[in-house]
Amino acid sequence: MQKPLVAGNWKMNGLAASLEQIDLIGAGIDDALRAQVDVMICPPSILVAQAVRKANESSVLIGGQDCHAMASGAHTGDVSAEMLKDAGASAVIVGHSERRADHGETDVVVKAKAEAALRAGLIAIICIGETRAQREAGSTLGIVGSQLAGSVPPGTAGQIVIAYEPVWAIGTGLVPSVADVAEVHAFVRTQLEASHGAEGAKMRILYGGSVKSSNARALMSVPHVNGALVGGASLMAADFLGIVGAYR
Ligand code: PGA
């Protein structure tokens with residue numbers, strides 16, 4: 001199994017002054033913790049290059065939050081995976097539920113973006129997860145299975161990270177039970193092994209949705225939970241370090 005990954009998704013939050021949080025995060029991670037867990041911050045794309053310069057002084061990795069499927073071209077306002085790579089990013093989140101909902105991104109689009117990430121030499125952090133209505137209808141595993149089948153390209157465990165984020169748990173303070181997280185993560189593992197063989201057995205599967213320092217240890221100890229994708233609690237170093245510290 002690979003080293004776990006705790007990644008912070010700042011979403012559309014943060015100005016240049018916020019980058020000092022990266023210094024504080026770096027300062028809060030000692031060698032022992034660094035050996036246990038990879039730590040990443042995904043700031044808005046406009047801050048990626050500056051964040052990389054900050055992070056170079058620490059062990060914090062920097063990622064993007066989205067990319068276009070094409071390397072370049074007439075796509076006003078978009079950012080390509082190659083541009084993120086050029087700015088020093090090591091990963092990009094694709095298919096976040098906010099992108100799927102706000103920008104109508106389908107599995108086909110998400111897969112193309114994940115392929116772009118791999119093409120550019122970035123880790124693709126591919127997000128999946130059911131809505132509240134889907135969970136209440138008992139279709140969670142069906143939804144997660146079809147998102148995996150449709151969104152995840154061929155690739156290695158070093159290139160592909162899956163983030164299971166129940167849509168109803170994002171930004172709400174609601175968290176599925178440990179048993180529910182265990183069920184979905186075990187299912188995702190089985191699906192990845194079926195589709196990606198030995199690489200699928202090693203791919204990191206993150207849990208995301210209202211992860212906080214108070215619940216991180218319980219969530220991170222669930223089998224097949226190999227880290228976290230953290231939104232709100234990644235904006236302040238103290239909160240984020242409380243989550244990373246679950247791996248101490
Ligand atoms: P949250 O967001 O931690 O604020 O719930 C998680 C995410 O959207 O990745």
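Select the ligand. In this predicted model, the ligand takes up the space of the second largest pocket. That pocket holds about 190 Å³ of space. Now show its lining, which is made up of 16 residues. Closest to the pocket's centre are Gly171, Ser210, Val211, Gly231 and Gly232. Colour the lining by class: 8 residues are polar, 5 nonpolar and 3 charged.

**The shell around the ligand**

Next, select the residues around the ligand itself. How many residues surround the ligand? There are 13. The closest are Lys11, His96, Glu165, Gly171 and Ser210.

**Contacts to pick out**

Zoom in on His96. An N or O atom of the His96 side chain is 2.6 Å from an oxygen atom of the ligand. Move to Glu165. Here, too, a side-chain N or O atom lies 2.6 Å from a ligand oxygen. Then select Gly231. This time the backbone supplies the atom: an N or O of Gly231 is 2.8 Å from an oxygen of the ligand. How much of the ligand does the protein cover? On its own, the ligand has 280 Å² of accessible area, and the protein covers 94% of that.

**Two loop residues**

Select Lys11 and look at its backbone. Lys11 is not a glycine, yet its phi is positive, about 55°. Where does Lys11 lie? Follow the chain from β1 (5-9) to α1 (20-27): Lys11 is in the loop between them.

Now select Ser210. Its phi is positive as well, near 60°, and Ser210 is a residue other than glycine. Ser210 lies in the loop that runs between β7 (204-208) and α10 (213-220). Both Lys11 and Ser210 are listed among the residues closest to the ligand.

**The cavity**

Go back to His96 and Glu165. Both also line the largest cavity. A search of the whole structure turns up 1 cavity of 30 Å³ or more. The volume of the largest cavity is about 30 Å³. By class, the cavity lining has 5 polar, 2 nonpolar and 2 charged residues.

**The largest pocket**

Keep α5 highlighted from the previous stop. Helix α5 gives the largest share of the lining of this pocket, 3 residues. Finish with the class colours: 8 polar, 6 charged and 5 nonpolar residues line the largest pocket.

Terms used
Residues numbered from 1 in each chain as written. Predicted model: local features only at pLDDT ≥ 70, side-chain atom pairs only at ≥ 80, totals over all residues. Heavy atoms only, no water. Near = heavy atom within 4 Å. Polar contact = N/O pair within 3.5 Å; in protein donor to acceptor, adjacent residues only side chain to side chain. Areas by Shrake-Rupley, 256 points an atom, 1.4 Å probe, with all protein chains shown as cover. 1 Å grid on protein atoms, 1.4 Å probe; cavity = no way out; pocket = protein on both sides within 12 Å on 5 of 7 lines; lining within 4 Å. Sits in = over half its atoms within 2 Å of the grid points. Points joined across faces, edges and corners; volume = space filled by probe spheres on them. Nonpolar A, V, L, I, M, F, W, Y, C, P; charged D, E, K, R; others polar. Helix = DSSP H or I, 4+ residues; strand = E, 2+ residues; numbered from the N terminus.
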